[in-house]
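Hi everyone, thanks for coming. Let me take you through one structure today, and please have it open while I talk.

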Amino acid sequence: MNTTLQDCRARDAQDPLRALRELFHIPNNTVYLDGNSLGAMPRSAPARVADVVTREWGADLIQSWNTNGWFQMPGKVGDKIARLIGAAPGTVVATDSTSVNLFKVLSAAFHLASADKPGRKRIVSERSNFPTDLYIAEALCKERGFELQLVEPEEIATALTPDVAVLMLTHVNYRTGAMHDMPAVTATAHQAGALMLWDLAHSAGAVPVDLTAADADYAVGCGYKYLNGGPGAPAFVWVHPRHADRFWQPLAGWWGHATPFEFTPDYRPAAGITRYQCGTQPMISLAALECGVDTVLAADALGGMAALRRKSLALTDLFIALVHERCDGHGLGLATPLDHAQRGSQVCLTKDEGAYAIVQALIARGVIGDFRAGDDQRHKDILRFGFTPLYIGFEDVWHAVEHLRQVLQSGEWQRPEFNTKHAVT
Ligand SMILES: *Cc1c(COP(=O)(O)O)cnc(C)c1O
């Protein structure tokens, strides 16, 4: 029997996480399915940011580094993120961007590999990894005389030959929403003698992650996606404690120094993850990020990440089922795995023609997803829909698919205004 709008409303009424939606400002008549790209704004953020600006900066001025806890903010927010990714307290800092943090941990991993296993000069990653990860790796390989090898997911195990220093993967693929088995892949990398580096950009706050149980070596992740930290929010970085003190990372700024206010001419790294900080950190952005992370931690009282995960899978299952029931015959394909164990918190549809314009027509109707360009038959153009269980409900899913059905049926996506590309897709 087909799903109805009433069914969806009934599921919202029974949803124990429903109240969390009130933590966010969601514009009227909007179904926001792009929280995997820029999380919605927490209602607490404007007042908190205003307080940091007017009271902490305006009134308390430079004393705020001490009296308002500014100096400790990267570690304080890092500890909150640590709870979401299976990391011990004191092993995560919220700092810099994902790209910059990746540069730091990859540099450290190259140092470690060169010291312990000098013959290993290759790094393996996925061809469809997020481009900035690949660009950073490519540039660093050039600097250090390493080689970057890009493979398809099913080729990873065989690519792990004895010359591989690092396996660098993104846990949930940004294009397809496909999720790696973190413990199994990490074990495979270690059996092959390689270090394991995970990018959690589409995982932190979206799916349960346990870096400690998986015994990973390095991880980075993003603050402005499922952590709802705001545009350009600081990212985070984790290094397994067994490695953290072994090497400096090359961006050895004074915030990573053991005693920055002794102003010594020589560098002495702080112990542990603190050495992964570089320069002075953005307090206004860190305050907004803390508001965002707190929205995810607010689910703790309602079952935490496990409950969020259950709802996320229910939402993506519903979306897939409704697209199947209501949008058949329009040439849509599904790029996201049906297997729950292999699915993140997004659903990606493929269409050979018009994917960008369909997304634009949906946005004009208030259904906000995004488009990601493909480059061949295996990596096709994608219509991408992120489902943040904190603020997306089952009725939202219904309306999103109904708009998609109308856009396809009417052919309105063929109108010229939906076919002009913007700078940011
Ligand atoms: C979003 C994302 C990034 C973003 O990196 P920035 O440095 O914040 O621009 C990096 N890697 C992955 C896998 C992402 O999904």
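I'll go from the domains to the ligand.

Just so you know, this is a predicted model: local features need pLDDT of at least 70, side-chain atom pairs count only at pLDDT 80 or more, and totals for chains, interfaces and linings use all residues. Residues are numbered from 1 along each chain as its sequence is written, and side-chain values use heavy atoms, with hydrogens and water left out.

So, the chain splits into domain 1 (5-32 + 304-418) and domain 2 (48-298), with bounds from an automatic or database domain assignment. Their C-alpha centres sit 29 Å apart. Where they meet, 32 residues of domain 1 are in contact with 24 of domain 2, contact being heavy atoms within 4.5 Å.

Now the ligand. Around it we find, among others, Ser 97, Thr 98, Ser 99, Phe 130, Asp 133, Asp 199 and Tyr 224; a residue is near a molecule if one of its heavy atoms lies within 4 Å of it.

Which atom of the ligand does a polar side-chain atom of Ser 99 lie 2.6 Å from? That one is an oxygen. Asp 133 has a polar side-chain atom 2.7 Å from a ligand nitrogen, and an N or O atom in the Asp 199 side chain is 3.0 Å from a nitrogen of the ligand. Taken alone, the ligand exposes 390 Å², and the protein buries 87% of that; accessible areas here come from the Shrake-Rupley method with a 1.4 Å probe, and for residues, only the protein chains shown count as cover.

How values were computed
Polar contact = N/O pair within 3.5 Å; in protein donor to acceptor, adjacent residues only side chain to side chain.
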